[in-house]
Amino acid sequence: MTDLTLAGKSALVTGSTSGIGLGIATALAARGAQVMLNGLGSQHDIDAALAQVRAASASDAVFVAADMRVPGEIEALVQETVDNFGGIDILINNAGIQHVAPVQDFPIEKWNDILAINLSSAFHTIRSAVPHMLSAGGGRIINIASAHASVASPFKSAYVAAKHGMAGLTKTVALELAERNITVNAVSPGYVLTPLVENQIAATASARGISEDAVVSDVMLAAQPTKSFITIEQVAELVLFLASDAAASITGSILPIDGGWTAQ
Ligand code: NAD
């Protein structure tokens with residue numbers, strides 16, 4: 001069996017103060033990686049995230065605030081990762097936001113923020129991290145996409161556009177780096193019960209004119225044949241596998257973890 005340890009590896013997880021990113025950061029630390037955290041939130045949220053990741057690991061996790069809408073801050077975040085840990089072996093592009101509204105009412109600033117955070121930030125981390133991975137002789141880039149990277153839902157124009165873009169970015173960079181021992185993949189979860197999803201239940205109820213309970217049962221879980229939410233831990237396990245040596249031949253893949261949603 002291939003050893004799945006990540007001891008001695010360094011990882012950056014964008015948007016890791018909450019939800020899926022925090023779960024991935026915790027899982028990477030538990031496998032032995034040194035982890036750079038990033039994201040928004042109160043000092044209390046950041047301290048809690050750091051405490052959770054440090055409790056999972058023998059090595060210290062570090063937090064650097066960087067707004068994923070600002071290219072200069074993203075470059076600095078990658079450099080801080082390299083400065084702290086001596087390199088960047090694993091890059092997880094996870095930061096993301098959502099906004100639900102009909103396209104004719106979609107606020108321009110929300111469109112711009114979603115494209116910046118959910119898509120362009122990954123371009124900026126990748127272009128900053130790849131030179132370090134090339135000099136180290138390899139690396140792993142894992143983009144957190146979505147079922148919405150391959151199918152659409154109404155009222156999510158910016159999110160669906162950004163996630164489809166993430167699939168294209170993943171495949172393109174995978175081809176560019178295929179002979180350089182750097183794999184590039186995307187993980188595409190269905191609905192995971194995190195703050196991002198909890199916060200869109202009310203907006204979806206209003207956009208569709210239905211109750212919040214109906215959003216959960218008739219919109220979210222109706223899309224997933226398993227009729228249950230994906231868990232953060234399940235997404236993190238898939239990321240751990242992709243980060244391991246065992247996944248060296250998987251690149252350019254958009255891997256669904258969606259309870260059968262996109263099989264329909
Ligand atoms: P979440 O709201 O719990 O976490 C989002 C993280 O991104 C937080 O740490 C937040 O601080 C950070 N973030 C937001 N804006 C930022 C900014 N400008 N700069 C830096 N960090 C910022 O959401 P989540 O559900 O854990 O989502 C994580 C990723 O998973 C997103 O890319 C999302 O699209 C994707 N995803 C989520 C689901 C789901 O059902 N929850 C499904 C598929 C894909």
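**Before you start.** The model is predicted, so local features need pLDDT of at least 70 and side-chain atom pairs count only at pLDDT 80 or more, while totals for chains, interfaces and linings use all residues. Residues are numbered from 1 along each chain as its sequence is written, and side-chain values use heavy atoms, with hydrogens and water left out.

**Stop 1: the domains.** Colour 10–191 + 230–256 as domain 1 and 193–229 as domain 2; such bounds come from an automatic or database domain assignment. Their centres, taken over C-alpha atoms, are 24 Å apart. The contact (heavy atoms within 4.5 Å) draws 15 residues from domain 1 and 14 residues from domain 2. Together the domains bury about 1200 Å², 67% of it on carbon and sulfur atoms. Buried area here is the accessible area (1.4 Å probe) lost by two parts on being put together, summed over both. Now show V100, Y191 and I230: in domain 1 they lose the most area to domain 2, together 52% of what that side buries.

**Stop 2: α6 and α7.** Select residues 195–208 for helix α6 and 212–223 for helix α7. Helices are DSSP runs (H or I, at least four residues), numbered from the N terminus. The two axes come within 9 Å and cross at roughly 95°, which makes α6 roughly perpendicular to α7 (the class for 65 to 115 degrees). Axes are lines fitted to C-alpha atoms over the stretch in contact, and angles run from 0 to 180 degrees between N-to-C directions. Display V197, Q200, I201, A202, T204, A205 and R208 of α6 against E212, V215, V216, V219 and M220 of α7. By class they are eight nonpolar, two polar and two charged. Ala, Val, Leu, Ile, Met, Phe, Trp, Tyr, Cys and Pro count as nonpolar, Asp, Glu, Lys and Arg as charged, and the others, Gly among them, as polar.

**Stop 3: α1 and α8.** Move to residues 19–30 (α1) and 232–243 (α8), which pack at about 50° with axes 9 Å apart. That makes α1 oblique to α8, the class left once angles under 35, over 145 and 65 to 115 degrees are set aside. Look for G19, I20, G23, I24, A27 and L28 facing I232, V235, A236, V239 and L240. The contact has nine nonpolar, two polar and no charged residues.

**Stop 4: α3 and α4.** Finally, select 71–85 (α3) and 108–136 (α4), whose axes come within 9 Å and cross at roughly 35°. P71, I74, E75, V78, Q79 and V82 meet S121, H124, T125, R127, S128, A129 and H132.

Notes
Helix = DSSP H or I, 4+ residues; strand = E, 2+ residues; numbered from the N terminus.
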